[in-house]
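Dear colleague,

Please read them with the model open beside you.

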Amino acid sequence: MTRTQRLLATVAVAVGVVLALVAGIALVDGACRVRFAENVMLRSEPRAESHWQFVETGRGTLIRVASGRFRGWYLACDDRVEPQLPPVDFSFVRNRFPQKAGSHVRNLTLREKKGADCFWRVTGTDGGFTLQATHGRYANWYLDFIDEYVPDTDREPPSAWNLVLNPNPVPGTTWTITQSAAGRAIRATTGNFRGWYLDAITGAKIIERRLCWGEDAERDRQEPPLAR
């Protein structure tokens with residue numbers, strides 16, 4: 001091998017290493033990139049986005065949007081959202097969040113790709129079904145809603161951005177789940193929002209977060225108005 005050939009071979013190896021590093025970084029970045037939307041709410045009447053698919057796995061149940069813009073996206077709970085102490089001047093503190101509970105968290109999202117926070121435990125009870133997160137910071141917390149909440153009547157039909165996770169089972173943590181050709185409907189069983197459907201807003205902004213690099217994403221929604 002001549003000197004020129006050795007030089008070309010060295011350059012080829014160096015270029016190959018650089019390309020491999022770039023490809024590796026791109027692969028890791030893609031794996032760390034999570035797209036989600038803060039668009040899960042209650043809706044007074046059903047539509048296509050009010051239907052869900054349940055996928056049973058060894059780690060728990062995956063709950064996915066059955067149709068519409070977010071079809072196939074997963075119901076998830078964001079571990080980065082901090083618990084909130086219920087305001088002391090609202091009646092739901094006494095009725096829905098007893099002092100021993102201490103807090104609730106408003107962290108329900110839809111995720112494009114499944115992760116550990118997308119698995120749920122669905123349990124049948126006399127009053128309906130409970131849905132509990134199975135992994136992460138809020139493992140075993142229950143899907144619930146704030147009953148003392150002012151619905152958004154500007155939307156048609158009315159909707160409410162009042163979903164939370166609650167550490168304790170209370171009347172609002174039981175749900176009716178019915179099956180149809182469109183998918184499964186998940187409905188509240190008690191309180192002011194009895195019969196309302198778990199729904200996904202189609203016009204919500206999609207937010208991107210890179211989990212591996214510690215980047216946080218700007219929240220898409222404001223704090224909910226509560227009934228006094």
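Arg 43 is buried yet takes part in no salt bridge, the nearest side chain of opposite charge being that of Asp 199, 4.4 Å away. A salt bridge here needs a side-chain nitrogen of Lys or Arg within 4 Å of a carboxyl oxygen of Asp or Glu, while buried means under 20% relative accessible area, exposed over 50%, and partly exposed in between (1.4 Å probe, protein chains only). For charge, Lys and Arg count as positive and Asp and Glu as negative, with His and the chain ends not counted.

Please bear in mind that this is a predicted model, in which local features need pLDDT of at least 70 and side-chain atom pairs count only at pLDDT 80 or more, whereas totals for chains, interfaces and linings use all residues. Residues are numbered from 1 along each chain as its sequence is written, and side-chain values use heavy atoms, with hydrogens and water left out.

Arg 43 itself lies in strand β2 (residues 40-43); helices (H or I, at least four residues) and strands (E, at least two) are DSSP runs, numbered from the N terminus. Leaving aside neighbours within four places in sequence, the contacts of Arg 43 include Glu 156, Trp 196, Tyr 197 and Asp 199, where contact means heavy atoms within 4.5 Å.

Asp 199, which is buried at 0% relative accessibility, does form a salt bridge with Arg 47, the closest N and O atoms being 2.7 Å apart. This pair links distant parts of the chain, since Asp 199 is in strand β14 (residues 197-200) and Arg 47 is in the loop between β2 and β3 (51-57), 152 residues apart. Arg 47 is partly exposed, at 23%.

The structure holds five salt bridges. Another of them joins Glu 112 to Arg 35, with 2.9 Å between the closest N and O atoms; because Glu 112 lies in the loop between β6 (108-111) and β7 (119-125) and Arg 35 in strand β1 (residues 33-37), the pair ties together parts 77 residues apart in sequence. Glu 82 and Arg 137 also meet in a salt bridge (2.7 Å, N to O).

As for the cysteines, a search of the whole structure finds zero disulfides, a disulfide being counted as a pair of cysteine sulfur atoms within 2.5 Å. The cysteine sulfur nearest to that of Cys 77 belongs to Cys 118, 8.0 Å away. Cys 77 is buried at 1% relative accessibility, and Cys 118 is buried at 0%.
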